Amino acid sequence: MKKEITVKVKSRFVDKFKSGYPLIFKEAIINIDVFDKEGDIVKLVDERNKFIARGYYGKQNKGYGWILSRKENEKIDISFFEKKIVSALNKRVSLYNSRDTNAFRVFNGEGDGIGGLTIDYFDGYYLINWYSKGIYKFRDHVINSLKRLVEFKAMYQKKRFDTQGKYIEEDGFVLGERGQFPIIVKENGVNFAIYLNEGAMVGVFLDQRNVRKTIRNKYSKGKTVLNTFSYTGAFSVYAALGGAKKTTSVDLANRSLAKTIEQFSINGIDYEAHDIVVEDVFNYFKYALKKELKFDMVILDPPSYAKSKKFKFSAANDYKNLLKEAIAITEDNGVIVASTNCSSFNMTKFKGFIDTAFKEIHGKYKILEEFALPSDFRSIKEYEESNYLKVVFIKKIKR
Ligand code: SAH
């Protein structure tokens, strides 16, 4: 049995929790001193000791833990975890049955009822991400449930916490048969090389599946494409498969060169017909401007925060300027794909950045389409931050 602590919620926040807000946060709590060991069960009560909800204590940058249940009699035991996982699995049946995709998210944190925990599926391999020491205390519940519920080749895990809230480096093998990495998975019929055993990132960001498909199917034929912050070049591979004249991938991480060559190669694309540039994107913009290079499509998918030798980028503060640099090297009637996973602003604000960027350069644009998270990345409307992905296809209109 896990220890249970009773946490009093300030009256002005009681309704917020009752109506579905999932994150236990400091400001809402009266007796903050009662928090002891991560993984403890937290019973939230109002000032008259009436039950509000039950959750667990786990520190993330976001808060003090997550609400798990609003039913007073519901126990947080293995059958609770099993129930949540069953329900999540049932919502992914069509993905499990897909012929051309075998990489997707099986369990998405608070969107599936347990904040701090995600589970991804890669062609028979399961990858469990633990986002706090607190949720990791429920490791056996999660792994034993999953073991009973699914067929698997192996399970891997990533601990995305230490005392400084950082990623813990380890090979991550949990059980089953160790994989030979990379394993090659499919998404919309496209191959991806996946490494579950090295570092925090596995080779692909699964939440961009629909965006990649759209780039391939509707925007690439005959086009020149600049893919910035390209990582393993996933957008470039889709553009190339969609018939792009040429793609240029830019990322400052040394690993991106070999990883991008690998992604092109396992999809039967001649990588030598494409440019892969290991460089700071902000330098590349200057270079392109000087050389008067222009592209039919420019893809922007920066991290929320990035620091390089010369530049510091924060999506919330600097996205507008990033757009202005991109607009300058986009052909008239070309398309900018502006993407952000920053949860501190919403789509309305993001579109505001786009509007301001074009206004400041006296440019004209039209929004062609928009994307949010795909359905396997479930989010909850009471917690807007969980719906973090915003992607806008923008046409630069000739003035
Ligand atoms: N667009 C990618 C994911 C981007 S992840 C995809 O679809 O898979 C963010 C990437 O930005 C990382 O690979 C990181 O190396 C790169 N990065 C961060 N700052 C950068 C900078 N100033 N210039 C170029 N790349 C940068």
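Close-up 1. Five strands form an open sheet in the order 6-7-8-9-10, and their pairing is mixed. Strands here are DSSP runs of E with at least two residues, numbered from the N terminus, and two strands pair if DSSP finds at least two bridges between them. Strand 6 (103-108) and strand 10 (173-176) are the edge strands, each pairing on one side only. On average, neighbouring strands of this sheet are turned by 20 degrees against each other, direction ignored; the axes are lines fitted to C-alpha atoms, and angles run from 0 to 180 degrees between N-to-C directions. Strand 9 (residues 154-159) pairs with strand 10 in the antiparallel sense over 3 bridges. Y156 stands opposite F173 in strand 10.

This is a predicted model, in which local features need pLDDT of at least 70 and side-chain atom pairs count only at pLDDT 80 or more, while totals for chains, interfaces and linings use all residues. Residues are numbered from 1 along each chain as its sequence is written, and side-chain values use heavy atoms, with hydrogens and water left out.

**Close-up 2. The open sheet of order 1-3-4-5-2.** Another open sheet has 5 strands in the order 1-3-4-5-2, with mixed pairing. Its edge strands are strand 1 and strand 2, each of which pairs on one side only. Strand 3 and strand 4 (residues 51-60) are joined in the antiparallel sense over 5 bridges. Within this pairing, I41 stands opposite Y56 in strand 4.

**Close-up 3. Surroundings of the ligand.** The ligand is surrounded by 16 residues, the closest being F229, D251, D280, V281 and D301; a residue counts as near if one of its heavy atoms lies within 4 Å. By class, this shell has 10 nonpolar, 1 polar and 5 charged residues, where Ala, Val, Leu, Ile, Met, Phe, Trp, Tyr, Cys and Pro count as nonpolar, Asp, Glu, Lys and Arg as charged, and the others, Gly among them, as polar.

Close-up 4. Polar contacts are pairs of N or O atoms within 3.5 Å. A polar side-chain atom of D251 lies 2.6 Å from an oxygen atom of the ligand. A side-chain N or O atom of D301 is 2.7 Å from a nitrogen atom of the ligand, and a backbone N or O atom of L252 lies 3.2 Å from a ligand nitrogen atom. Taken alone, the ligand exposes 580 Å², of which the protein buries 91%; accessible areas come from the Shrake-Rupley method with a 1.4 Å probe.

**Close-up 5. The salt bridge between D36 and K3.** The closest N and O atoms of D36 and K3 are 2.6 Å apart in this salt bridge, defined as a side-chain nitrogen of Lys or Arg within 4 Å of a carboxyl oxygen of Asp or Glu. The pair links distant parts of the chain, 33 residues apart: D36 is in the loop between strand 2 (23-24) and strand 3 (41-45), and K3 is in the segment before strand 1 (4-8). The count of salt bridges comes to 23.

Close-up 6. The peptide bond from F181 to P182 is cis, with omega near 10 degrees. P182 is placed in the loop between strand 10 and strand 11 (183-187). N49, in the loop between strand 3 and strand 4, has a positive phi near 65 degrees.

How values were computed. Polar contact = N/O pair within 3.5 Å; in protein donor to acceptor, adjacent residues only side chain to side chain. Helix = DSSP H or I, 4+ residues; strand = E, 2+ residues; numbered from the N terminus.
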